[in-house]
Amino acid sequence: LQTGADIEAFDVEQPYDGTYQETIQRGMQEKNFGTYPKAKALESDLSKYDIIYLGYPVWFGTCANPVFSLLESVNLSGKTIVPFCTFGSGGLNTSVNDLRVTLPGTKILDGYGVRQARVAKAPAEIARFLVLAGLKEGSVEEYPEFSAQEPVNEETSAIFDAACSSYPMPLGTPSTVGYRQIPDGTEYLFTVAGTGADGTPSQTEIYVIAGNDGTTEFTQVVR
């Protein structure tokens with residue numbers, strides 16, 4: 001709505017209409033074997049557009065399976081793609097990387113992503129993203145760089161716990177942190193040690209905002 005772009009939803013011919021667990025099992029099988037259901041034809045003629053905003057939820061750390069079905073059925077060569085997505089903890093960076101592999105003949109912007117728990121804050125963040133990406137007129141305040149990473153102390157550990165402890169899956173143990181002041185409060189960038197899906201040690205980055213309103217929440221996990 002902020003760009004005035006034409007909007008069309010897309011789906012696959014065999015919709016995901018099972019239970020939550022059935023949908024998870026089906027999605028995992030499709031992903032593991034690379035066999036995605038056929039996408040329904042779009043009504044829009046994509047050849048008329050130079051910039052395409054591609055929205056999706058993150059499934060299994062990347063674009064939802066129907067996105068790959070759609071990309072198999074359309075020609076986006078030479079176009080600029082602006083990804084935007086929702087996720088439980090993260091997946092913007094990994095999904096954008098996968099889009100760049102899938103669409104080597106297109107320009108893929110870094111995109112915008114938001115946790116489902118924070119969608120109420122998306123409009124203001126989207127407006128900022130669009131201005132910074134040159135997709136919307138206006139000006140926004142430049143944020144400073146994060147400070148150098150330093151060992152987590154009792155105070156910053158408590159901030160991390162306040163933001164992440166209620167998440168239903170373990171996010172790891174923070175080891176170092178950098179921070180910067182933003183209009184809404186203080187943003188922290190934690191380096192976190194954890195375990196990957198295959199059981200091997202992993203390192204992630206987790207962004208946390210301690211707001212001026214007293215709230216503390218993590219905004220995304222970058223794996």
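Mentor: Let us begin with solvent exposure: a residue is buried under 20% relative accessible area, exposed over 50%, and partly exposed in between. The model is predicted. Gly34 has a relative accessible area of 43% and is therefore partly exposed.

Trainee: Where is Gly34 placed?

Mentor: Gly34 belongs to the loop between helix 1 and strand 1. Its C-alpha atom is separated by 30 Å from that of Asp6, and the two residues are 28 residues apart along the chain.

Trainee: Is Pro123 buried, partly exposed or exposed?

Mentor: Pro123 has 47% relative accessibility, so it counts as partly exposed. This proline lies in helix 4. Between the C-alpha atoms of Pro123 and Gly90 the separation is 18 Å, for residues 33 apart along the chain.

Trainee: What is to be noted about phi of Phe60?

Mentor: Phi of Phe60 is near 55 degrees, which is a positive value in a residue other than glycine. Phe60 sits in the loop between strand 1 and strand 2. With 33% relative accessibility, Phe60 is counted as partly exposed.

Trainee: Let us turn to helix packing. How is a pair of packed helices described?

Mentor: The description uses the angle between the two axes and the distance between them. Here, the axes of helix 2 (residues 65-73) and helix 3 (residues 92-102) come within 12 Å and cross at roughly 20 degrees. An angle under 35 degrees counts as roughly parallel, and helix 2 and helix 3 are therefore roughly parallel to each other. The crossing of helix 2 past helix 3 is right-handed.

Trainee: Which residues make the contact of helix 2 with helix 3?

Mentor: Helix 2 contributes Val67, Phe68 and Leu71, while helix 3 contributes Asp98, Leu99 and Thr102.

Trainee: Is helix 2 mostly covered or mostly open?

Mentor: Helix 2 is mostly covered, since seven of its nine residues are buried. These buried residues are Asn65, Pro66, Val67, Phe68, Ser69, Leu70 and Leu71. Their packing partners are helix 1 (20-33), strand 1 (51-59), strand 2 (62-63) and helix 3.

Trainee: The next topic is aromatic rings. How is a pair of them described?

Mentor: One gives the distance of the centres and the angle of the planes. A search of the whole structure finds eight aromatic pairs. In one of them, the rings of Tyr112 and Phe129 have centres 6.4 Å apart and planes at 40 degrees, so this pair is tilted.

Trainee: Which parts does the pair of Tyr112 and Phe129 tie together?

Mentor: Tyr112 is in strand 5 (residues 112-115) and Phe129 is in helix 4 (residues 122-132), so the pair ties together parts that are 17 residues apart in sequence. Tyr112 is buried, at a relative accessible area of 10%. Phe129 is buried as well, at a relative accessible area of 17%.

Trainee: Which residues do ring pairs link into a cluster?

Mentor: The cluster linked by ring pairs consists of Phe160, Tyr179, Tyr188 and Phe190. Two of these residues return when we examine Thr156, which touches Val177, Tyr188 and Phe190, not counting residues up to four places away in sequence.

Trainee: Where is Thr156 found, and is it buried or exposed?

Mentor: Thr156 is in helix 5 (residues 154-164). Its relative accessibility is 9%, so Thr156 counts as buried. Thr156 and Gly88 are 23 Å apart in space, C-alpha to C-alpha, and 68 residues apart in sequence.

Conventions. Residues numbered from 1 in each chain as written. Predicted model: local features only at pLDDT ≥ 70, side-chain atom pairs only at ≥ 80, totals over all residues. Heavy atoms only, no water. Axes fitted to C-alpha atoms, helices over the stretch in contact; angles between N-to-C directions. Helix = DSSP H or I, 4+ residues; strand = E, 2+ residues; numbered from the N terminus. Parallel < 35°, antiparallel > 145°, perpendicular 65-115°, else oblique. Left-handed = near helix turned anticlockwise from the far one by under 90°. Contact = heavy atoms within 4.5 Å. Phe/Tyr/Trp six-rings, centres within 6.5 Å; stacked < 30°, edge-to-face > 60°. Buried < 20%, exposed > 50% of the residue type's maximum accessible area, 1.4 Å probe, protein only.
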